[in-house]
Amino acid sequence: MFKISTLNGNERMSTQELLQAINAALAAGETEYEIEASGQHDIGGPLWHPEGKPLKFIITNPGQRVGSMCLEGTEIIVEGPAPADVGWLNAGGKIIVRGDGGDTAGHCAASGKIYIGGRAGTRSGSLMKHDPLYEPPELWILKNTGSFSFEFMGGGIAVVCGYDSEQFDSVLGDRSCVGMVGGKLYVRGPIQGISAKDVKIMPLCDSDIAWLAANMPQFLNEIGRADLGETLTRWEEWRKVLPLTYDERPKKLSADIRSFRLREWVQGGIFSDVCQDDYAVMGLVAKGLYRQRIPVWENARYNAPCEFNCTASIPTQQRFNLLREGKIEEAYRLVLDYTPFPGSVCGAVCPNPCMESCTRGEIDYPAQINALGAYSAGIPAPTPAANTGKKVAVIGGGPAGLTAAWQLARKGHQVTVYEADDVVGGKLEQAIPRSRLPREVLLAEINRIRDIGVAFQTGVKVDREMFAQIKAGYDAVVVATGAHVPRVFPWPGHERIVKGLDFLKAINRGERPQVGRRVVVIGCGNSGMDAAVGAYQLGAEQVVLIDVQQPAAFPKEIAHVEAMGGVLMWPVIAKEITEQGVVTATGDLIPADTVIITVGETPDLSFLPEGAPLEKGLLKPDHAYRIADGVFTAGDTIRPGRLVDAIGTGREAALAVDAYLKGETFAAEAKNKIALTRISKAYFKRLSETEIPAAGEDYQRCISCGSCRDCHMCMKSCPENAITRIVKPDGTFAYVSDDNRCIGCGICAGVCPCGVWAMHANAKPIPMYTMAGIS
Amino acid sequence: METVRTQDVSVNDLPWKIDWRDERCTMCGSCVAACTFTAIEAAMERRSVTISTGHQPEPAQRHSAVPVIRQRSGTAHICVGCGMCEKVCPNKAIRPVRNEDNRVNLLTRAGGVAIKRGGRNNIMADRVLDKVIVGRISQMTDPSLDSERHTFDVLAPFGRVLLPGELPFTVNGDNLELTAKTPPVHWIYPLIFSDMSVGALSTRAWEAIALATAYLNEKCNIPVRMSSGEGGMPVKLLKSEYLKYMIIQIASGHFGWNRIIKAMPHMVTDPAGILIKIGQGAKPGDGGLLPAAKVAEHIQAIRGVPKADLLSPPNHQGLYSIEESVQKMHMSLNAAFKFRVPVAIKCAASATSVSVYNNLLRDPYYICGGFFIDGLQGGTGAANEVSLDHTGHPVVSKVRECYLAAVKQGRQGQIPLWAGGGIGMTGNAAADAFKLICLGANGVFIGKILIQLLGCVGNERGRCNACNTGLCPTGICTQDPRLVKRLDIDKGAQAIVDYMVAFDQELKKLMAPIGNSSLPVGRSDALVTTDKAVADKLAIQYAC
């Protein structure tokens, strides 16, 4: 027995002195120690007997950490209370405190047993652990603990008996078991403020009771309170605290906003007075009403460039579409709705602005619209509509007048054409060189006009008096007398000039007007070229063509003249015409025996009654081609231009006359050119010149800008299979997109070669907001 | 051959290029259908090549046309990089890629129109807050707190706080008794959901934030408040219990106040406060702007105006001085709510902020209940880009100066300082809040991060920022029902709630190590910086 008192009068052994004394006794083989301590720390461990014998300590008045790091084989009995850290890191010892324990009793204990016969302080049992190689640690407390007990407890068994603790709200203090992850805790008495996020409180099960019943007597015996056996074994008063398992622990907040919104939030939503919202959530891709965009099949809503650029508005893309469908007759006849001169004009003398703008031209070569026109030259006239009984006089049998007559006759009106010349045809007949326009083509087309019942009164020069008669005798009159007064500038010597139009007319009449060896043509338009060619054919040796500006003639015509030896000079301003030739503004002389001028013509409108609307010598009709009640005009009388322009206004004037005769209002068809960006040129292979088919097969190359070519690309590309092709009762087809399938992706528009499909913003309103307020 | 001229705008002039993978695409159309900016389209592409497969040159032509998804060139439909195409693509076949060499700034002023956009400053992304770190960690000197277990008092005042000596107490026996009314003060969470108007936000986005506010209060014990912004208030909210969580804003346009005033007799509770907006950090000196594209019927109703670009004046009409502002606006709004509701004021951070604060501190009526300073990194739904990128003032030093000015007079904490503008911009709003609080702020206010939590994909590097167009792909900053309905209000509110609960933990994770169980207002000793200039300016420790 090692017995020591640490106080000697006023002298107190230090912790070091006491522990060294104990160590010395232990080394000497001592097994029993009775220590009258005075607050010395760390008494009782970690110690072991050199021969492995058990050690026993009986201590009074210890300091902190009594039994800390205590090893198995050591038994410590503290008579009375012990301060903080009883059994700190207990590694197997049996530690009995017969009074109160201090704070952090059993802190980090991982094996052994600690019995506290009173209360324990804050953080008692915190960080207890269980090393699986050994029996679990036990911490028994007779009464209660302070707050923060069993924090971060990771293993072992703790028992809080709650004896003599009625005055406390919680026998575990406040905020017990925070961070507890292991072990178990038996408690008798009220519990409050325990960490609900870490632990659950449960009733005892049989094995719990069995364990407690088996171990309780030893605890009570050790602390000398065997008398409490009955009080502390009423098991219905006990509960156990277990840490939540890893799976039971919420890993994150589980807020339920939806339930809160539906049950507790402002009913219907805070905006429900001005906003109807079902709170349904749409995906990024939606169908039907919620699509951002919708496809629209805009078939023939926009003009193909050829159609747009043609002043006669011939929809060549439709002709090619008919050809593609094998409707050859129909295709060739279609053009006759627009012009009676597909052979003479489209196929021969027209500069073909249609082809100039042809989209296909951007790929390889324009579609051969000119040659296509020639195919229609011999097509028989369609049967006109039934006779309306209305009579229309057309004054002037040129392209404008004949077109108007043709259109009006087809509509069933009785048309008479008054022509000053001996034959109808106007400039086509009179001025266009036969080399450019074979006469048989022109005659055939004129005959076709005659065939539908148009009467020609030739050799009739209408004057004012006659005009009045005609006006009185017809329901409507179309003035299409063209421009036949050649312009000549009043240069000195202008009387020497040969007027180009007269010159060309003479040639076409079969006369051979005299030309000198050297010829100068003033004006480098197509008429100038025609005059130059005529001059060469009449024996001229050298033709010089001058202009104040860049020649306006078509390259083909210029090339023809140049091939014959003609020389074009510009800018050259004529100042005087002399016997030697043309003197220019710079004083140079261009020698000439004959000077021909081709700088345009003006109309002779002297036959019209006073009051016709004129501007700069030209007629200025209203938007319906009208210059007086029942009197209309078309062609060069409005604005001298190309043949196709005359045909265009001739047709439109006819439509205006037709509307007038029917008492309807005429409105010219608005033309909108399709945007090139809508066309998918990518489909079309770039062909070499030798690969170009005949014009009748050029539907292979025609893109069909703006008009559906019925290729099915859209239908087959639609990712939602939303597009179907329907055939209407009249036999025409259409492609339709099903709103309920379509997502508005625009692939149809993207793949459409013709630019028929277009994507529009989905303008269908979604009733959501209101200004008035929803009650 | 296609004719392309040097001045044609092409895709490589634009700020984002669409990277589309032919071999992965199935032409399902989702990307095109989802894009609100019409920036991409389907098209056909020619694939004509001459190949040779023989053992010697044997040309064979192969022609095909294939469908593609392509970006539209030109400036009318510029891709903003929102990435909805990428999000919706099932095959990872498409994505926007930032184009560093874009020329967009040279191309988008067509028609002589100044560039407008939403978002934040896209140039001054550099932040002082990121150069400041919590450097004083209590260890041996004084114990840290345990953020998990300690009770923290995370509350900040909204309202005028009186000095002890100014409190109207008299001693009556053993009791202190109030002899006069004191100014209203609410102790609220040190973070306010700030000022995004009904109009700037969709109904759903605004409601999601309001819903999150209520949830945080009712279910999470986080007493956060939401400021309405300058677009009025939903009438049903005005008449509900939840009004107590709302701070009603009044700005120079006074939009929506007719319905607010008319609702007063029907209010079942007081609002949490009133915020007078004088200016905002995103565009100081410039008024609010709601483009016509977003002025839908309900906005017209709540604001009482027709469909038009709605511009708020840069100034409150009729206020010409700080004194007048205090007297007129503060007094009127205090009076309107019977002196029961605290009234605060928000200004853009500015070289003159300290003067304003000093003047407010001298408020003899105790009617100024807070000074909100909004820094240059604040966001906006629409502004001129020149204002966004080239005007403004950093908020950090301003807050510090205001706080120290108050300290010098012994009046710190009397008029609470709230700081905003870019809070959470680099990801952690709690860290930003904590640092600003240490420098003297009582709390912070956040805006942009809220809509980012709702799903906004915009950022400070020029991504999206199309809040002004009405084409917001996430349904947040638009009034187009087709887009608004993309937003899941519950999910949105959930994200905000989650962020705030985490924010609360993170704030405590910063309070605990410095040993503060209440907000460390002005505890600048907790901060250090490795930037000497910052250290000098903010009067905090320099460390290296």
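How many residues of chain B are in contact with how many residues of chain A? The exercises below begin with this question.

The structure is a predicted model, in which local features need pLDDT of at least 70 and side-chain atom pairs count only at pLDDT 80 or more, while totals for chains, interfaces and linings use all residues. Residues are numbered from 1 along each chain as its sequence is written, and chains are lettered from A and ligands numbered from 1 in the order in which they are written.

**Exercise 1. Describe the side of chain B that touches chain A.**

Step 1. Two residues are in contact if their C-beta atoms, placed from the backbone, lie within 7 Å. By this rule, 55 residues of chain B are in contact with 49 residues of chain A.

Step 2. Helix α4 of chain B, residues 203–219, gives the most to this side, with eight residues. Helices (H or I, at least four residues) and strands (E, at least two) are DSSP runs, numbered from the N terminus.

Step 3. By class, this side of chain B has 28 nonpolar, ten polar and 17 charged residues. Here Ala, Val, Leu, Ile, Met, Phe, Trp, Tyr, Cys and Pro count as nonpolar, Asp, Glu, Lys and Arg as charged, and the others, Gly among them, as polar.

**Exercise 2. Describe how helices α9 and α11 of chain B pack.**

Step 1. Two packed helices are described by the angle between their axes and the distance between the axes. Axes are lines fitted to C-alpha atoms, for helices over the stretch in contact, and angles run from 0 to 180 degrees between N-to-C directions.

Step 2. Helix α9(B), residues 353–361, packs against helix α11(B), residues 396–408, at an angle of about 35°, and the axes are 9 Å apart.

Step 3. The crossing of α9(B) and α11(B) is right-handed. A crossing is left-handed if the near helix is turned anticlockwise from the far one by less than a right angle, and right-handed if clockwise.

Step 4. Ser353(B), Val354(B), Tyr357(B), Asn358(B) and Leu361(B) of α9(B) meet Lys398(B), Glu401(B), Cys402(B), Ala405(B) and Ala406(B) of α11(B). By class, this contact has six nonpolar, two polar and two charged residues.

**Exercise 3. Identify the residues that touch the most other members of the largest nonpolar core.**

Step 1. A nonpolar core is a set of buried Ala, Val, Leu, Ile, Met, Phe, Trp, Tyr and Cys residues joined through C-beta atoms within 7 Å. A residue is buried if 20 or more other C-beta atoms lie within 10 Å of its own, exposed if 12 or fewer, and partly exposed in between.

Step 2. The largest core has 311 residues, and Ala405(A), Val478(A), Phe632(A), Val657(A) and Val399(B) touch the most other members. Helix α17(A) gives the most to this core, with eleven residues.

Step 3. A second, separate core of 63 residues includes Ile76(A), Trp88(A), Tyr115(A) and Leu232(A).

**Exercise 4. Examine the backbone at Arg175(A), Tyr625(A) and Pro46(A).**

Step 1. Arg175(A) is not a glycine, yet has a positive phi of about 55°. Arg175(A) is in the loop between β10 and β11 of chain A, and counts as partly exposed because it has 19 C-beta neighbours inside 10 Å.

Step 2. Tyr625(A), also not a glycine, has a positive phi of about 60°. Its place is the loop between β30 and β31 of chain A. With 26 C-beta neighbours inside 10 Å, Tyr625(A) counts as buried.

Step 3. Gly45(A) and Pro46(A) are joined by a cis peptide bond, with omega about -10°. Pro46(A) is found in the loop between β4 and β5 of chain A.
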